[in-house]
Amino acid sequence: MVSSQDIERAVAVLRAGGLVAFPTETVYGLGADAANVEAVKKVFAVKRRPTHHPLIVHVADAVQVANWARDIPPPAQELARRFWPGPLTIILRRAPRVHDVVTGGQDTVALRVPSHPVAQALLRAFGGGVAAPSANRFGRVSATTAEHVRKEFGGEIELVLDGGESDVGLESTIVDLTGARPALLRPGWITASQLERALGRPLALPGADAARAPGTLPSHYAPQTPLVVIEGDLLGELAAAFVRQGRRVAVLALSASQPVLQGITWITAPRDAAGYAHALYANLRGLDEAACDAILVERPPAAPEWAAINDRLNRAATNAESDQP
Ligand code: TXA
Ligand code: MG
């Protein structure tokens, strides 16, 4: 899918201050040379992202973290050893060279070593850090395929590397190691309890200081169509009520069975958390494209492996106009 020539071209685009969308195992990223202020500014412009929202710097391996962070405390080394390359982002104190445009002016920097082979090939060939948010317009559903990225940005980015479907399908877990206690800023596929086991101590959970990780805004990851999360036993009934009122409804079901009625766009999601997460954003995009009056999502279980999924669904369900600070 991606040739060595594609990687060379991508590196040339990055060195010239352009943007490259690339696959990671979580979601696609919209990358720029993290050391080039003008290139990083383009990311904010294309994404229409407010400039105070800091970006993650992606590097090829844990050794390179020393170029971006001024202090790598033992817990960071432990998490890196245990979870990198992989879907984990660690917040550390930034090195002096890290530009304000990357960190939103904060004294901290987010770092991640992705495992996707194309991301790895790109980062190795480039040699530096790639600042990349998820490759979607601000506040919208993240992209898990190259086609999602092209649909979202059209010709606005120079190059999209097509590495197939992102495996995990949800953005990385973010842990802040700059405070008195390690804090979980964004739940992800690596769970809080996995992190606690690796750290040997409890984490501060999200909520206490949410403003520091704007990916944790109440409204985020949202389709255009209003989305409601609802218990499975009410789903069929509610969908049918919509249809009887002459409204069109799109449903993401889990265990509920589809009522025999015209006018419902229905997707039954995989029953396991990994399969559900992998398909979630493609499913939300598909349901959004059906341009219905509402998207109804069957509430997944409350079990720990569903925590990141429930987090994203709750943010997707939050009305941006009324709740975004
Ligand atoms: O899986 C992922 O993390 C994907 C792939 C492309 O790596 N990236 C991603 O980036 O989700 P983005 O920009 O959509 O979300 C990054 C989150 C944002 O909520 C941002 O506020 C937070 O990381 N963040 C970045 N730097 C931070 C910092 N220094 N302190 C606290 N939060 C930070
Ligand atoms: Mg994002």
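Q: What do β8 and β9 form, and how many residues sit between them?
A: In this predicted model, they form a hairpin, with 6 residues between the two strands.

Q: How do you know that β8 and β9 are joined, and which way do they run?
A: Pairing takes at least two bridges, and here 3 bridges join β8 (residues 173–176) to β9 (residues 183–186), so the strands pair. They run antiparallel. For one example, I174 has R186 as its bridge partner in β9.

Q: Which residues of helix α3 are buried?
A: In α3 (residues 74–83), they're A76, L79, A80 and F83.

Q: What makes us say these buried residues line one face of the helix?
A: Look down the axis of α3: they fall within an arc of 100°, so they line one face. P74 and R81 are exposed on the face turned away from that buried side. Among the elements covering the buried residues are β4, β8 and α7.

Q: Why is the pair Y221 and Y281 called stacked?
A: Stacked needs planes under 30 degrees apart. The planes of Y221 and Y281 are at 10°, with ring centres 6.5 Å apart, so the pair is stacked. The two tyrosines are 60 residues apart in the chain.

Q: How do you know whether Y221 is buried or exposed?
A: Buried means under 20% relative accessible area. Y221 has 3%, so it's buried.

Q: And why is the pair Y276 and W306 called edge-to-face?
A: That name needs planes over 60 degrees apart. Here the planes are at 65° and the centres 5.2 Å apart, so edge-to-face it is.

Definitions and conventions: Residues are numbered from 1 along each chain as its sequence is written. Chains are lettered from A and ligands numbered from 1 in the order in which they are written. This is a predicted model: local features need pLDDT of at least 70, side-chain atom pairs count only at pLDDT 80 or more; totals for chains, interfaces and linings use all residues. Side-chain values use heavy atoms; hydrogens and water are left out. Helices (H or I, at least four residues) and strands (E, at least two) are DSSP runs, numbered from the N terminus. Buried means under 20% relative accessible area, exposed over 50%, partly exposed in between (1.4 Å probe, protein chains only). The arc is that of the directions from the helix axis to the C-beta atoms. Contact means heavy atoms within 4.5 Å. Rings of Phe, Tyr and Trp (its six-membered ring) pair if their centres lie within 6.5 Å; planes under 30 degrees apart count as stacked, over 60 as edge-to-face and the rest as tilted.
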